[in-house]
Amino acid sequence: MTVLSLRHAGLSLSGRSVVADASLDCRTGEMVGLLGPNGAGKSSLLRLAAGLWRPERGTVRWDDVDLSATRASWRARRIAFMPQENGVPPSMSVRDLVSLGRLPFGETGMNALRHPAVTAALAATHLDVLADRSAAQLSGGERARLHLARALAVDTPALLVDEPIAALDPEHALSVMALLRDWAHRGRAVLVVIHDLGLAARYCDRLALMRDGQVIAAGVPNEVLTDDAIGEVYGVTVRRLDGVPVPWTISR
């Protein structure tokens, strides 16, 4: 079942087109990876899909509902969103911050802190052992996992995450990608912005490749990440290790 659907969506910021005639589906039970060079429009498209920005052209729908016609509270109970950058209040513990994920459902205090979704999110991101530590004491990678845990704690049918592994070491990057794939395969829709072509090919069910605000290719990884497409979009040649593309040299 298609949960999120963008059709010919377009958006300009400060007079510059950031998303142009983009169409994309994200279905229940799958993880879709958004790929493309810096400035391709990935984060902007993700915000459109979350309903945080309204398209100037085209539509963004949740099933048969136009997101532009919904309230923020309605969207917050259906779509969890993790932005690329997020501040950390210094006075709050890890557990307190993760429990904020329950706010869309009116759950606060001990009801939120003890909610099974909060406990599960802490465990899934390996933050349960740091739950009582001040968030200000976390490393950059731990903070990245903290923000993901807060998004997981909302426990919504759709999860949209912007570069969740950018600050992570290889072990935790693999762990997070496996977690997101498992989250999707348990009946949710996951849309993730990612730069690592190898991890995208390995963990995502489908990929969408963006350039200049447009989705120029979408499908299963081996259909999207061809040598020609990678060379055209990224300007690099690749070598393949067990079939997985690895950027190797600059070609332009």
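I started with the largest pocket, which holds about 420 Å³ of space. For my own reference, a pocket here is an open set of points on a 1 Å grid over the protein atoms alone, where a 1.4 Å probe fits, with protein on both sides within 12 Å along at least five of seven lines. Its volume is the space filled by probe spheres set on the points, joined across faces, edges and corners.

Note on the source: this is a predicted model, with local features needing pLDDT of at least 70 and side-chain atom pairs pLDDT 80 or more, while totals for chains, interfaces and linings use all residues. Residues are numbered from 1 along each chain, and side-chain values use heavy atoms, without hydrogens and water.

Next I looked up the lining (residues with an atom within 4 Å of a point). I found 19 residues, with A76, I79, A80, F81 and V154 nearest the pocket centre. By class, 14 are nonpolar, 3 polar and 2 charged.

Where does the largest pocket lie? Domain 1 (2-78 + 156-250) and domain 2 (86-155) both give residues to its lining, so I place it between them. The bounds come from an automatic or database domain assignment.

Then I checked the domain interface. I have 16 residues of domain 1 in contact with 14 of domain 2 (heavy atoms within 4.5 Å). In domain 1, R77, T156 and L179 lose the most area to domain 2, together 33% of what that side buries (accessible area lost on being put together, 1.4 Å probe, summed over both parts).

Last, I noted 1 salt bridge between the domains (Lys or Arg side-chain nitrogen within 4 Å of an Asp or Glu carboxyl oxygen).

Terms used: Nonpolar A, V, L, I, M, F, W, Y, C, P; charged D, E, K, R; others polar. Buried area = accessible area lost by both parts, 1.4 Å probe.
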